Amino acid sequence: MALEAVFYVARVVFRPLRRVALTAWSGVYAGRAVYESLNRAGIVLDRGGLFRVSPVYPLGSRAPVGGFLAPGERYWFRAVFWGAPGSASGQQLARGLMAGLGLWTRELVVEELSLEERRARLPDPGAGEGEADGEPVAALVRVRHGPTFYRFHGAVVSYPSPWRLVASIARRLSLATGIDYRPLARRLQPCLELAVDRTRRVRIRLSHGAEPPVFTGEALYHAVCPRGLASALQRLLEAGVYTGAGASPGLGLGEIHAVDLGPPRHRAPPALEPWTEEQEEPSGAEKEARPA
């Protein structure tokens, strides 16, 4: 089954007209800019989860801004829209952002606004249902996480959790497509283990004094699954470059900057055949551009 999802990726370069104190993580400011722009364009969202934003970066920097926005300086953020059937579509949200940003006249000036339509191949939701899925294959999956955390029954999970990673992406794909990807996620979750944790733990302020612990950086996951599930796992993780993973995507958390597959790290018996040798390198159109 060949499935595709369409994502709309907006990049906004703006200049504040006055000094703006950032009392919280800069992603909160980016999220507010998107929500207020949509409201000004007549699109009122009664639920979140239809888009995500990045934190705010100084133009030419890879480090999110902190403290304040200086008047006259140039900053940028990214917003990725996917929408949901029966609600606002990704295209409607993207167009609403473009229209609403033009109504910001007292606080900021939008200097550049680009919008790209990106198409991503999605996994077959029925992958792995049959018994004859082939011999197990292995790969090492590198994921570069932006600051994020997961929620688990009221608890904060502030470390790379392969189970939460797969479940989070599947949940957003289900919302975007109207197809229930949760059964596939349950079949894929046992395929991943955290092999090397190169992330670091920090705390960020979101709102009302809340400062949840988050993790950020590179995590290496050891992937082993039947060949019938290998492609589904790869496509799900690559879709995560657009959807992100983890809590509060509308507040600049959960970015996935890159997903790369390589030969398996461990060669313990029984021998496992690597599947990456038979996979084409994902094209640039299938990966969201890294922050400038």
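**Cysteines, salt bridges and backbone geometry in a predicted model**

Cys191 has a relative accessibility of 6% and therefore counts as buried, a class that requires under 20% relative accessible area, with exposed meaning over 50% and partly exposed the range in between (1.4 Å probe, protein chains only). The structure is a predicted model, in which local features need pLDDT of at least 70 and side-chain atom pairs count only at pLDDT 80 or more, whereas totals for chains, interfaces and linings use all residues. Residues are numbered from 1 along each chain as its sequence is written, and side-chain values use heavy atoms, with hydrogens and water left out.

The cysteine sulfur closest to that of Cys191 belongs to Cys225 and lies 4.2 Å away, which is too far for a bond. Cys225 is likewise buried, at 2% relative accessibility. Across the whole structure, the search returns zero disulfides, a disulfide being a pair of cysteine sulfur atoms within 2.5 Å.

Salt bridges, defined by a side-chain nitrogen of Lys or Arg within 4 Å of a carboxyl oxygen of Asp or Glu, number 17 in the model. One of them pairs Glu111 with Arg15, with 2.8 Å between the closest N and O atoms. Glu111 belongs to strand 7 (residues 108-122) and Arg15 to strand 1 (residues 3-16), so this pair ties together parts that are 96 residues apart in sequence; helices (H or I, at least four residues) and strands (E, at least two) are DSSP runs numbered from the N terminus. Both partners are partly exposed, Glu111 at 33% and Arg15 at 26%.

A further salt bridge joins Arg32 to Glu36 at an N to O distance of 3.1 Å, and these two residues, four apart in helix 1 (residues 26-40), are separated by about one helical turn. Arg32 also forms a salt bridge with Glu107, where the closest N and O atoms are 3.0 Å apart. This second pair links distant parts of the chain, since Glu107 is in the loop between helix 2 (90-101) and strand 7 whereas Arg32 is in helix 1, 75 residues apart. Glu107 is buried, at 12% relative accessibility. Through shared partners, salt bridges join Arg18, Arg32, Glu36, Arg40 and Glu107 into one network.

Most residues other than glycine have a negative phi.
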